[in-house]
Amino acid sequence: MEKPSHVATADGKQASHRIAVVTGGNKGVGLEVCRQLAAQGVTVILTARDEKRGKDAVESICRESNLSNVVFHQLDVRDDSSVAALARHIESRYGELDILVNNAAVVGVAADEEGLKALNLDAETWTSGRAATVLKDVFQNTYEVARDCLDTNYYGCKRVTEALLPLLKLSKSGAKIVNASSLASELKRMPNEELRKDLSNIDIWDEARIEAVLNTFMDDLKNGRLEEAGWPAMLPAYSVSKMVINLYTRILARRYPEMRVNCVRPGFVRTDINWNLGTLTPEQGARGPVMLALLPQDGPTGCYFDQTEMVNVW
Ligand SMILES: NC(=O)c1ccc[n+]([C@@H]2O[C@H](COP(=O)([O-])OP(=O)(O)OC[C@H]3O[C@@H](n4cnc5c(N)ncnc54)[C@H](OP(=O)(O)O)[C@@H]3O)[C@@H](O)[C@H]2O)c1
């Protein structure tokens with residue numbers, strides 16, 4: 001099916017027609033990104049690993065926001081065959097893709113939720129990273145949970161991006177890739193000085209080097225050496241996954257100068273990933289990713305945004 005050249009937005013305006021994929025679109029920030037993009041006239045493929053959760057999310061957007069340009073497709077970012085099926089579907093149905101929002105992620109610790117709530121942490125303590133010591137009692141950094149975190153947050157993003165790049169290259173409006181990052185990605189939070197220096201030098205990085213660093217991280221975790229080796233104390237697997245998401249964003253931006261590829265911290269948003277401790281609404285958290293998904297073709301690329309503000313974290 002060919003895409004129509006124009007579509008009416010919720011407020012009746014005409015926008016040149018674009019197709020977007022959002023990963024992890026069934027709840028939280030991803031769900032709101034889908035809603036806001038659809039309200040701007042973009043045809044949104046809301047993806048979720050669970051079919052029922054995804055279809056319910058599409059139905060909620062259609063019902064609550066009176067939008068009909070959101071469709072569901074199953075996508076588990078950890079599953080090669082699921083990723084390939086999505087790429088085949090987009091190719092046969094639309095023939096190209098304009099926007100990819102890599103939003104899906106997991107937090108990478110096994111948490112004692114009751115213990116966490118009892119700590120009664122304020123937002124500042126949480127986001128500053130200073131809570132790491134008290135959180136040691138309620139967070140467990142198990143090998144399996146950390147492995148799943150890296151496989152979802154970094155390898156999942158890479159898997160989906162690589163599968164959809166051939167379709168993004170065909171975008172007539174100019175492809176946009178938006179990768180969800182986090183405050184946890186800031187290099188000042190990396191105690192290992194040598195690695196911190198390396199991470200700030202984009203010229204030396206490619207996917208093979210990222211994989212080597214992630215393997216070292218997993219070895220150090222297995223051998224109980226995280227602290228000794230200088231990995232981040234607060235949410236180590238999550239932090240490392242987001243540090244390499246920033247690198248991957250810059251690698252893609254350098255490799256595909258015709259695209260706009262950026263990463264964004266949505267803010268401290270009240271969602272399941274932080275046990276609903278966040279202070280912003282998902283609607284507020286979605287504004288940065290949506291802004292980057294709709295950048296003009298001469299907009300910034302290879303940059304990090306804190307919500308809608310460009311900042312330097314490397
Ligand atoms: N909330 C914050 O304060 C905050 C701060 C900084 C960065 N972020 C980033 O913002 C993004 C969205 O997070 P959120 O706050 O909206 O969290 P959330 O409500 O927990 O949503 C995470 C989404 O990722 C999906 N997901 C997890 N594993 C997946 C997989 N293997 N395949 C496909 N989807 C998968 C989840 O699906 P299920 O429902 O099936 O689990 C869910 O839809 C994440 O990248 C997160 O790191 C959030």
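Entry 1, the second largest pocket. By class, I find 13 nonpolar, 3 polar and 3 charged residues in the lining of the second largest pocket. I count Ala, Val, Leu, Ile, Met, Phe, Trp, Tyr, Cys and Pro as nonpolar, Asp, Glu, Lys and Arg as charged, and the others, Gly among them, as polar. The volume of the second largest pocket is about 330 Å³. Lys136, Asn141, Pro232, Ala233 and Pro236 are the closest to its centre among the 19 residues that line it.

The model is predicted, and local features need pLDDT of at least 70, side-chain atom pairs count only at pLDDT 80 or more, and totals for chains, interfaces and linings use all residues. Residues are numbered from 1 along each chain as its sequence is written, and side-chain values use heavy atoms, with hydrogens and water left out. A pocket is an open set of points on a 1 Å grid over the protein atoms alone, where a 1.4 Å probe fits, with protein on both sides within 12 Å along at least five of seven lines; lining residues have an atom within 4 Å of a point. A volume is the space filled by probe spheres set on the points.

I note about 1200 Å³ of space in the largest pocket. Its lining has 49 residues, and Ala105, Val106, Tyr238, Thr271 and Ile273 lie nearest its centre. The lining divides into 25 nonpolar, 13 polar and 11 charged residues. The largest share, 4 residues, comes from α1. Helices (H or I, at least four residues) and strands (E, at least two) are DSSP runs, numbered from the N terminus.

Which pocket does the ligand sit in? The ligand sits in the largest pocket, where sitting requires more than half of its atoms within 2 Å of the grid points. Of the 29 residues around the ligand (a heavy atom within 4 Å), Asn26, Arg49, Asn103, Tyr238 and Thr271 come nearest. The shell around the ligand has 12 nonpolar, 10 polar and 7 charged residues.

A side-chain N or O atom of Arg49 is 2.7 Å from an oxygen atom of the ligand. For Asp76, a side-chain N or O atom is 2.9 Å from a nitrogen atom of the ligand. Ala105 uses a backbone N or O atom, 3.4 Å from an oxygen atom of the ligand.

Technical notes. Polar contact = N/O pair within 3.5 Å; in protein donor to acceptor, adjacent residues only side chain to side chain.
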